[in-house]
Amino acid sequence: QAWLPKGVRVPFLQVPFSVKGRFRFLPPAEPKVVGSYLLGTCIKPEINVDVAVTMLWEIFQDKDNLNQRYHRKRALYLAHIAQHFSKEKLFGSVKFAYMNSNHLKPILLLRLQGKDEKMVTVRLHVCPAPGLFKPSRFYPSKNNVRTAWFMEQSTPKEGATEPPTPHYNNSILCDMVLLSHLHFLSSAATDFPGMKDGVALLKVWLNQRELSKGLGCFSGFLVSMLVAYLLMKRKIVKMMSGYQVLRSTLQFLATTDLSVTGISLVKDVDASLPVLDDFHQAFEVVFVDPSGLVNLCADMTTSKYHQVQFEAKRSMEILDDRMVDGFQVLLMTAKPMLRAFDHVFHCLKHVSKLQGACKKMQLLNELMDRGGNYVAAALPFIVSLLARGLAGRALLVTHSLPQIPEWPIDAEPPKHKDVGSLTFGLLFVPEFATSTLEKGPQADCPEALDFRTFWGEKSELRRFQDGSICEAVVWEADTACRKRLIPEQIVRHLLKLHMDIPESSICYTGALLESVIRTGQEVQLFPQQGWTGEEAMVSVVCSYDDLSRKLWNLKELPLTVTAVQGVHPALRYTDVFPPISMKPTYSFYTRIRTKHLLLPSEEKPCPAYIAPLKIICHMEGSGQWPQDKEAIKCIKAAFHLQLGELLQQQHQLVCRPAVTHTDVYKDGYVFRLQVAYHREPLILKEVVTPEGMLKYQDTEESR
C-alpha cells in the first residue's frame, strides 16, 4: 500500500492488518450500468445510477478468497479510482460509503459539479472477473476466514475445526452475480409496465417505514427480486397494474414467513447446489437468487423480517377498508419507530460496549464471519434475548437498522461504533403487558434450571393457590403507572445479566404520555393514590357500588329502585383526572348548626371544588305516573326529597335535595342522584298542532 498518495485512505477496516498477497492496479474492463436506473424503478429523493466495474484476472492470485484478501484488493482498487477521479473537474464530490452499511462492501459515490450535484449520484461497484472463483468454495457451510489469522496467532491449533463463514462467503458471491441479476430483472420487466410502478410504490412504502436503508434492510433491489419471484410463480401476471402488484406483494409478505420457509428463484434443480435447509442453518431469513448461491436476505434478522410482515398485514387491512384513504395512510405518511411502537429504548450510547457482550456470549465464530463487526454479530442475540423475556407481553420486538454515513476519501473509514445508538421498538399485547408475575415451570421439572439461569437472582420459588410450587419472577409495581413500565425493568435486568450492558447505557422512553395525565398537587397530597389518578378511580367505584346497594335496599319508598346507572366517566374508568376524596377542613368554615351547613370563611382560602358524580336511579314501573310533563317533574322532585330524607335516616349520609337532583356526600365524594322515568322522553316528544292534533317529534327537552 506504499503507492497510495496522501489524499486518499483505504476504505476498509484492515483488522488484523497483515495479509498475504500483492496488488497492482490495471484499468477495468468495460464498466456497465446496472440496477434500478436501467430498469426505470428509481424514485426520488435519491436517484442512484449503479455502475459495475470489473477487476481483471491479472490482479488476483490463488487463495484470494481467504482472509479478506479479495475484499482488501477491492477496496484498494476503489481507492486508486477515487484518487484519480478526485482530480477531475467533472465531479463536485467524490466520497466513499458502505453498501447497505456493510463494511465489507465499500463503494464510491460520484456527484456532478454545480447545481446537478444533488440530483444524481453515480455509485461505483467493483466486481471480480467472471469465472475467477469456483462457486463451490462459497457454499454456506464452507470456511474462508482462518481462526489463526483472525486471532493473529502464529500457528493454528492442532485438531481445531474451522467454523463456516456464510455471511463472508455471501458478500463475495453477491459481487460475482451482480450482472446476472440485472439480466434476470430486465427479462422480468420486459412488457410489464405495471412492475415499474409497483416496485416504485413498494419502495415508497418501505421508505416511509424506515425499512429500506441500513445493514439487513429490505432494499429496493430485494423488493424488485421479490416481484420477479411472484411473476415466476404466477402470483403476478404481466397484465397487472402497479397497484395490483403492490397488493399482491404485500399479501405475499403478510402470509409468508421467510425465516421459517425460505423461497428460491432457481428454475432448474441442480444436485450440486446447496438446498434451502443449508441456507436456513446459516442465515435467519432465506431468499435464494437465480444462481442458487446467494441469499439475498443474508444480513436481515428474523425480527426485522417480522416487522416487515407485521407492516404488510396492517397495510392489507387498510387497503381492504373502504372507509380509509389507503393511499394517504400507506404511501404519504411517515411511520418512524417512535410512531410504530408502544415503547422505544435507545441502547448503548457507547456501542463499543457490545464487544464485551460478544466476549461474554462467546461469539467468536460470528465475529469472524462478520469481519469483526460486533454490532451485527450481537444484534440477533440481543433481540432473541428480549423476545424471550417479553414473550406473552410483546407482539413484536425489533431494532433499528445500523447505518453508517458516507465519508471523504481522505478520511479514515468509519469504525463499527460509528453506527450511533441502536434503537429497539416494543409493541405490546395490552392484556398482558402490565402483568407483575412471570410464572415458570414446577420446581422439580428439568426446565426449572433453564428458567433460573435465564432470570438470575430474580427467580424464586413460590407456592400458588392451586397448590403447585413453581419458579416465578415478581416485578415490583404498586401503581398502574408503574405497571406500565414493567417491560423497562425486564429489559434492563436481562441486558445487564446476559450481556453486561450497564443500565446507564440504556435510555428507555416508554409510557411517554404519563407526564400529561399526572397532576403535581395530587402527587404531593395523595402519594398513596398513585401518580396518574387511576387508583383514585377504583376508590370512586367502590364508594359508588356501596351507595348503589344502599339505594336498592331503601325501605319506605313508594316505588323501589330497580337499577342504578353511573353516568360520570370516572365510574367507567375513563376520566383523565378523576375526582379525589375531599374531607372538609373545618377551620376554613363557619358552621350554621340549625341548617347543618358549612359556610366558607371570608378570611380563609377558598375551599376545594368537589365535582359531582352523576348517577341515574330507575324506579319500578307503575300506572300511577302522571302523563303530563310538568306533573312528572313534580313527582320526580318529590322522589328527590324522599331519597335524601331516607338516606339520611337509614344510612346517616349528608344529603342536599333539589328539584332536579339530590346531592349525596359520601366518602369525600359528592354523588348527584337523578330519578328517571322510562316514559318521560316519549311524553316530552308530544306536540299539539294549531288544529288540535297530537304529534310526536324530537324536542330540545326530549333529546
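**Close-up views of the predicted model**

**Figure 1. The largest nonpolar core of the chain.** In this predicted model, the largest nonpolar core comprises 135 residues. Leu-108, Phe-218, Phe-287, Phe-345, Leu-354, Phe-424 and Leu-495 have the most contacts inside this core. A nonpolar core is a set of buried Ala, Val, Leu, Ile, Met, Phe, Trp, Tyr and Cys residues joined through side-chain atoms within 4.5 Å; buried means under 20% relative accessible area, exposed over 50%, and partly exposed in between (1.4 Å probe, protein chains only). Another core, of 31 residues, lies apart from the largest one and includes Val-540, Ala-570, Met-619 and Leu-647. Residues are numbered from 1 along each chain as its sequence is written, and side-chain values use heavy atoms, with hydrogens and water left out. Because the model is predicted, local features need pLDDT of at least 70 and side-chain atom pairs count only at pLDDT 80 or more, whereas totals for chains, interfaces and linings use all residues.

**Figure 2. The surroundings of Phe-287.** Leaving aside residues up to four places away in sequence, Phe-287 touches Leu-222, Met-225, Leu-226, Tyr-229, Leu-258, Ile-263, Leu-265, Val-294, Asn-295, Leu-296 and Cys-297. A contact here means heavy atoms within 4.5 Å.

Figure 3. Strand S3 spans residues 91-98, and six of its eight residues are buried. Strands (E, at least two residues) and helices (H or I, at least four) are DSSP runs, numbered from the N terminus; two strands pair if DSSP finds at least two bridges between them. S3 and strand S4 (residues 106-112) run antiparallel and are joined by seven bridges, with Phe-96 opposite Leu-108 in S4. Strand S10 (residues 407-408) also pairs with S3 in the antiparallel sense, over two bridges. Here Pro-408 in S10 is the bridge partner of Lys-95.

**Figure 4. Domains 3 and 4.** The domain assignment, whose bounds come from an automatic or database source, gives domain 3 as residues 343-408 + 416-436 + 475-532 and domain 4 as residues 543-696. Taken over C-alpha atoms, the centres of domain 3 and domain 4 are separated by 50 Å.

Figure 5. An unreviewed UniProt entry places the feature "domain: Nrap protein" at several ranges, including residues 195-333. UniProt positions are given in the numbering used here, feature names are shortened, and annotations may be inferred rather than shown by experiment. Over residues 195-333, the chain is 53% helix and 3% strand, and the end C-alpha atoms are 23 Å apart.
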